[in-house]
Amino acid sequence: MSPRQAIQHNLLAQWQLPIPNLLAELASKSQVSADFFSAQLLLNDARQTIKSLVAQNWQADAIFLDPFSPPKCPQLWTVEFINLLSKCLAPRGRLATYSSSAAVRTALLSAGLNIGSIIGAGRKSPGTIASFEYKKLPKLSMMEQEHLQTKAAIPYRDGAGAYPADRTLQDRAEQIIVRRQQEQQKSPQESTSQWRKRWLGSKM
Ligand SMILES: C[S@@+](CC[C@H](N)C(=O)[O-])C[C@H]1O[C@@H](n2cnc3c(N)ncnc32)[C@H](O)[C@@H]1O
């Protein structure tokens with residue numbers, strides 16, 4: 001939700017002062033600086049704004065990756081975007097997301113991150129936590145590990161070039177989805193329905 005909409009819907013009122021004032025200033029001026037809190041709000045397509053953070057060598061201790069689901073918003077779950085995002089994560093920093101999608105997990109692994117499984121807040125399915133160097137990540141179950149060997153683990157890619165520099169992060173959602181479907185059709189990997197049947201059998 002955009003910060004201004006959050007204010008219009010009175011969502012800041014639940015926080016103690018001075019948090020609502022700081023967030024309101026952030027929404028109106030796009031930056032705020034106080035003794036104990038400073039923030040900058042970057043709007044526009046995250047695939048482009050992330051490039052300026054990478055250029056500044058900006059490093060976060062925590063990243064919460066919260067786009068709409070991969071089928072709805074594949075642009076922010078691609079190998080290319082997650083690779084740039086990972087460059088903004090400090091070595092012991094952690095990236096968390098509600099998604100347990102095998103395609104998303106493959107993209108995190110391909111950025112060189114280690115991954116773990118976490119309980120998704122308010123959700124039945126687990127989420128994912130990732131870090132380069134933080135050692136205490138909760139392990140993936142065997143079922144989750146095997147999910148990464150199936151066609152579902154084929155990741156989303158943004159741009160068709162053979163080299164990373166050719167992948168411009170400008171594709172439309174449909175292009176990214178079709179590219180992945182084509183790759184899945186060609187892939188000899190186990191189908192995700194076979195994997196599910198092996199693990200869940202008659203419970204399906
Ligand atoms: C699931 S919402 C979560 C927003 C926020 N974390 C919250 O809790 O209110 C996903 C958001 O991603 C935004 N979004 C979709 N594609 C984007 C893109 N390419 N760049 C930046 N934001 C994008 C949508 O407009 C939407 O506000």
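Start with the contacts. Of those in the chain between residues at least 6 apart in sequence, 62% join residues at least 24 apart; two residues are in contact if their C-beta atoms, placed from the backbone, lie within 7 Å.

Before going further, keep in mind that this is a predicted model: local features need pLDDT of at least 70, side-chain atom pairs count only at pLDDT 80 or more, and totals for chains, interfaces and linings use all residues. Residues are numbered from 1 along each chain as its sequence is written.

**The whole chain.** Colour by secondary structure and you'll find 8 helices and 6 strands, in the order α-α-β-β-α-β-α-β-α-β-β-α-α-α. Helices (H or I, at least four residues) and strands (E, at least two) are DSSP runs, numbered from the N terminus. The C-alpha trace spans about 55 × 40 × 35 Å along its principal axes. Of the 204 residues, 24% are buried. A residue is buried if 20 or more other C-beta atoms lie within 10 Å of its own, exposed if 12 or fewer, and partly exposed in between, with C-beta atoms placed from the backbone.

**Two domains.** Select 1–41 for domain 1, then 44–203 for domain 2; the bounds come from an automatic or database domain assignment. Their centres, taken over C-alpha atoms, are 29 Å apart.

**A cis peptide.** Now go to Leu-17 and Pro-18, which are joined by a cis peptide bond with omega about 5°. Pro-18 sits in the loop between helix 1 (3–8) and helix 2 (19–29).

**Two asparagines.** Next, pick Asn-44, in the loop between strand 2 (38–40) and helix 3 (46–55). Its phi is near 80°, a positive value in a residue other than glycine. Asn-44 counts as exposed because it has 7 C-beta neighbours inside 10 Å. Then move to Asn-57, in the loop between helix 3 and strand 3 (60–65). Phi is positive for Asn-57 too, near 55°, and Asn-57 is exposed, with 8 other C-beta atoms within 10 Å.

**Helix 3 against helix 4.** Show helix 3 together with helix 4 (79–87). How do their axes cross? They come within 9 Å and cross at roughly 30°, which makes the two helices roughly parallel (the cut-off is under 35 degrees). Axes here are lines fitted to C-alpha atoms, for helices over the stretch in contact, and angles run from 0 to 180 degrees between N-to-C directions. For the side chains to display, take Arg-47, Ile-50, Lys-51 and Val-54 from helix 3, which meet Phe-81, Leu-84, Leu-85 and Lys-87 of helix 4.

**The core.** Which residues have the most contacts inside the largest nonpolar core? Select Trp-77, Ile-82, Ala-103, Ala-107, Leu-108 and Ala-130, out of 25 residues in that core. Helix 4, strand 4 (89–97), helix 5 (102–110) and strand 6 (126–131) each supply at least two residues, and the largest share, 5 residues, comes from helix 5. A nonpolar core is a set of buried Ala, Val, Leu, Ile, Met, Phe, Trp, Tyr and Cys residues joined through C-beta atoms within 7 Å. Zoom in on Leu-108: leaving aside residues up to four places away in sequence, Leu-108 touches Ile-82, Leu-113, Ile-115, Thr-128 and Ala-130.

**Last stop.** Finish at Pro-188, in the loop between helix 7 (173–186) and helix 8 (192–200). Pro-188 is exposed, with 5 other C-beta atoms within 10 Å.

Note on methods: Angles under 35 degrees count as roughly parallel, over 145 as roughly antiparallel, 65 to 115 as roughly perpendicular and the rest as oblique.
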